[in-house]
Amino acid sequence: MKPSTPIPLWLLAEVTYACPLQCAYCSNPVDYPRYSKNELSTAEWVDVFTQGRALGALQLGLSGGEPLVRPDLEELIAEARGMGYYTNLITSTVGMDESRLKRLRAAGIDHIQVSFQGANAVANDRFAGTESFEHKIAMARAIKESGLPMVLNFVLHRENIDQLPAMLSLANELEADFVELANCQYYGWAWQNRSALMPTQQQLTWAENYTNDFRDRLQRKMDVFFVVPDYFNNTPKPCSNGWGTTFISVTPDGTVLPCHGAVVLPEAEFPSIRRNDLKDIWHQSSLFNRYRGDDWMKQPCAGCDSKGEDYGGCRCQAYLFTGDAANTDPVCYQSPQRGMVDAAIAEGGDNTAWQYRNPKNSRGLIQPIIASTT
Ligand code: FES
């Protein structure tokens, strides 16, 4: 069954893949440098935002890479705000200072998410591959002082998950409104570095229990989200709230995707804002229609009672593991390929060296590795 008239409420603008950090779990494509040659101009982004609003989009995420690398970020925010978007900046804060924060505020930014890689300078700077911790602390304080809502985001993996108590204390001390403890999801660079990043079941259970206790003890208002890595679940996540229902992601060169991971799929040609209207891409393109609704599903998804809740899971993950995006997400206990996920979990810890996300390492990783667990 196809959904009647989906509206893309969320528009994610990956305005650049340039970034001063080098996180080994970055979700950007491993061949990200090729997008830098051909970034959309200010006018092209404004056109994307205009077309997104016309389609019904309300939330605009400005991410990257590091969106602060774009000198026109304030202009983009002002334009988007003027169209009525709720604007979120997803940033490491590297590239921000107090005067730039004032300009972002004046442009109308509604909300800022600050990413940390660890709970102290040693851990943060090691995982980021770049000295940045003290700067982030100063900017987080400045953001709070400016009165903007602030989310702190910690991506958890095997090497930093034991810092969880210190991360929560830091978020509390910085008076974050929300803290997101997002266990690593394995796309992009994280897929390449998976065995080095994979936590143990014991670490996860401890971290989730600690987070629940912390929530109970917390005196002030701070929402704490603990995002479990789906490999450790038996049923798949409803990725992107269902393909082509809610999200549009636009890459720095104007490629238009139903989710930020879809760039790994073997498309002869991805839709681009430089060739087509967003409306045509959303309603007519084969990429956006391919996994809408449930007509495309094979067994066991087709006959599953949960298909209206999990939509068969993640198409990109199904492709990365099995080479066919129409297969059931192998996270599902009913998938004949569930053993691949179990093997990936078991493989965690074998390898403790990761590759930082940088152009030098990118050169050797142009093709996604399919089913590296087979
Ligand atoms: Fe693409 Fe899940 S990341 S569908």
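This is a predicted model: local features need pLDDT of at least 70, side-chain atom pairs count only at pLDDT 80 or more; totals for chains, interfaces and linings use all residues.
## Helix α3 and its buried face

Helix α3 spans residues 73–83. Its buried residues are Leu 73, Leu 76, Ile 77, Glu 79 and Ala 80. Viewed down the axis of α3, these buried residues fall within an arc of 165 degrees, so they line one face of the helix. An α-helix has 3.6 residues a turn, so residues three or four places apart point the same way.

After α3 comes Gly 84, which has a positive phi, near 100 degrees.

## Packing of α3 with α4

Two packed helices are described by the angle between their axes and the distance between the axes. For α3 and α4, the axes come within 8 Å and cross at roughly 20 degrees. An angle under 35 degrees counts as roughly parallel, and α3 and α4 are therefore roughly parallel to each other. Their crossing is right-handed.

On the α3 side, the contact is made by Glu 74, Ile 77, Ala 78 and Arg 81. These residues meet Arg 103, Leu 104 and Ala 107 of α4. By class, the contact of α3 with α4 has four nonpolar, no polar and three charged residues.

## Packing of α4 with α6

Helix α4 also packs with α6, at an angle of about 40 degrees and with the axes 11 Å apart. That angle makes α4 oblique to α6. The crossing of α4 past α6 is right-handed.

Glu 98, Leu 101 and Arg 105 are the residues of α4 that meet α6, where their partners are Ala 142, Ile 143 and Ser 146. The contact of α4 with α6 comprises three nonpolar residues, one polar and two charged.

## Ala 140 in helix α6

Helix α6 covers residues 133–146 and includes Ala 140. A residue is buried if 20 or more other C-beta atoms lie within 10 Å of its own. Ala 140 has 22 within 10 Å, so Ala 140 is buried.

Leaving aside residues up to four places away in sequence, Ala 140 touches Val 114, Met 150 and Leu 174. Ile 112 is 28 residues from Ala 140 in sequence, and the C-alpha atoms of the two residues are 9.4 Å apart in space.

## Packing of α7 with α10

Helix α7 (residues 164–173) packs with helix α10 (residues 201–217) at an angle of about 30 degrees, and their axes are 10 Å apart. This angle makes α7 roughly parallel to α10. Helix α7 passes α10 in a right-handed crossing.

In α7, the contact residues are Leu 164, Pro 165 and Leu 168. They meet Ala 207, Tyr 210, Thr 211 and Phe 214 in α10. Sorted by class, the contact of α7 with α10 has six nonpolar residues, one polar and no charged ones.

## Cis peptide bonds

The peptide bond from Gly 64 to Gly 65 is cis, and its omega is near 10 degrees. Gly 65 belongs to the loop between β2 and α3.

Another cis peptide bond joins Gln 299 and Pro 300, with omega about 5 degrees. Pro 300 is located in the loop between α12 (286–290) and α13 (307–310).

Ser 240 is not a glycine, yet its phi is positive, about 55 degrees. This serine sits in the loop between β7 (223–227) and β8 (247–250). Ser 240 is buried, having 23 other C-beta atoms within 10 Å.

Tyr 311 is likewise not a glycine and has a positive phi of about 55 degrees. The loop between α13 and α14 (315–322) holds Tyr 311. Tyr 311 is buried, with 25 other C-beta atoms within 10 Å.

Technical notes. Residues are numbered from 1 along each chain as its sequence is written. Axes are lines fitted to C-alpha atoms, for helices over the stretch in contact, and angles run from 0 to 180 degrees between N-to-C directions. Helices (H or I, at least four residues) and strands (E, at least two) are DSSP runs, numbered from the N terminus. Angles under 35 degrees count as roughly parallel, over 145 as roughly antiparallel, 65 to 115 as roughly perpendicular and the rest as oblique. A crossing is left-handed if the near helix is turned anticlockwise from the far one by less than a right angle, and right-handed if clockwise. Two residues are in contact if their C-beta atoms, placed from the backbone, lie within 7 Å. Ala, Val, Leu, Ile, Met, Phe, Trp, Tyr, Cys and Pro count as nonpolar, Asp, Glu, Lys and Arg as charged, and the others, Gly among them, as polar. A residue is buried if 20 or more other C-beta atoms lie within 10 Å of its own, exposed if 12 or fewer, and partly exposed in between; C-beta atoms are placed from the backbone. The arc is that of the directions from the helix axis to the C-beta atoms.
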